[in-house]
Every structure is written in C-alpha cells, then in structure tokens.
Amino acid sequence: MATKIRLQRGGRKGYAVYRIVIADARAPRDGKFTEKIGTYNPNTNPATVDLNFDRALYWVETGAQPTDTVRNILKTEGVYMMKHLRGGVKKGAFDEAAAQKKFDAWKADKQKGLDAVAAEEAKAKKEAIAKELEAEKKVNEAIAKKVAEKKAAEAAAKAEAEAAKAAEEAAAEAPAEAPAEPAAEA
C-alpha cells in the first residue's frame, strides 16, 4: 500500500483550513485517512502550522511520500533536517546528542530569521501609519486654511455689509436733520 502525506481541506468557502493527514495514495483528497498529524492555516500571515513533529518524522522515515505543499511545510518545520541528521547518526558520523545540538542550532537560526522578518514588517507597518498620519495632517491643515479663509471672507463681507448699512443709516439721518435745521433758522 502506497502511503501519502497530504492536505485534507476543511473550513468554509473562501477560508480554507487544512489537516495534514496520512492516507492511502488511492483515497480521495477529503476521504478516508490513516492518521492526522497536524493542521495548516494559510490564511494567517505567516501561515500557521501545528504539526506533531515525532509522528511526521516517523512517517517520512517509513517512506510515506508527501505532496509538494506538505513537503515544503515539513522542510520549514525541520522534519527533513532531522531525518538527514538521523541518517548521519546511523552512519556513525556523529552521535545523537550532536545531532540534536545541530538541529537546535538550525532551529534557532531559522527562528532568528523569522523574527527579523517580523520586526521588519512591523517597522514597515509603523512607517506606513506615520506617513498616512502625516498626509492626513496636511489635508486637515489645508482644510483648516480654506475654512479660515472662508470665515475671514464672510467676516469681511459682513463688516462691509454693516459698514454699508451704517453709511445708509447715516445718509438717511443726515438729510432728515439737514432740512430741520434750515426750518429752525427761518
């Protein structure tokens, strides 16, 4: 019986979540499987992988053939690295403790790289937010300037209208007073 390590689809439409399963090569994608060894969620950034490392390593050493996507997942999780190191132990190149030490160093280096990428992403996001805030401040300043100009224009128009009204009232009062004075003289 040919054994495959493959993904089995779950989740909802437009939001696929996969189980990593051991299945017969002839079984359909979402059909019968032998064992579930983990989950894979590609919707998060970075993709979330929850893997039973020991069982995955057992099945890879037993000869189960992974699909391309599962092979990439197993490589990033270090299953193939550990298989390679165990091969060195079997050949007598080094002992089990040295193999575990090399694997831990590889895993720490990989984690350091992932942390650097995450920090760079966070920095880029922070800079984008700062740029957006600066652009919004410029827009708000422009709007405030236009509003101030409009209010100044309205105030000037209002003052002009009041001055014209006062001039009209003064002009209306002045002729009324002017004939009254000559009549008093006569």
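Predicted model: local features only at pLDDT ≥ 70, side-chain atom pairs only at ≥ 80, totals over all residues.

Colleague: Why is lysine 91 called exposed?

Modeller: Buried means under 20% relative accessible area, exposed over 50%, and partly exposed in between (1.4 Å probe, protein chains only). Lysine 91 has 76% relative accessibility, so lysine 91 counts as exposed. Lysine 91 lies in helix 3; helices here are DSSP runs of H or I with at least four residues, strands are runs of E with at least two, and both are numbered from the N terminus.

Colleague: What makes aspartate 95 partly exposed?

Modeller: Its relative accessible area is 46%, so aspartate 95 is partly exposed. Aspartate 95 sits in the loop between helix 3 and helix 4.

Colleague: And lysine 165, is that residue buried or exposed?

Modeller: With a relative accessible area of 53%, lysine 165 is exposed. Lysine 165 belongs to helix 4, and the C-alpha atoms of lysine 165 and arginine 9 are 81 Å apart.

Colleague: Why are helix 1 and helix 3 called oblique?

Modeller: Two packed helices are described by the angle between their axes and the distance between the axes. Axes are lines fitted to C-alpha atoms, for helices over the stretch in contact, and angles run from 0 to 180 degrees between N-to-C directions. Under 35 degrees counts as roughly parallel, over 145 as roughly antiparallel, 65 to 115 as roughly perpendicular, and the rest as oblique. The axes of helix 1 and helix 3 come within 10 Å and cross at roughly 60°, so the two helices are oblique to each other.

Colleague: Which residues meet there?

Modeller: Phe53, Ala56, Leu57, Val60 and Glu61 of helix 1 meet Val79, Tyr80, Met82, Lys83 and Arg86 of helix 3, where contact means heavy atoms within 4.5 Å. These residues divide into seven nonpolar, no polar and three charged. Ala, Val, Leu, Ile, Met, Phe, Trp, Tyr, Cys and Pro count as nonpolar, Asp, Glu, Lys and Arg as charged, and the others, Gly among them, as polar.

Colleague: What makes the bond from asparagine 45 to proline 46 cis?

Modeller: The omega of that peptide bond is near 0°, and the bond is cis. Proline 46 is placed in the loop between strand 3 and strand 4 (48-51).

Technical notes
Residues numbered from 1 in each chain as written. Heavy atoms only, no water.
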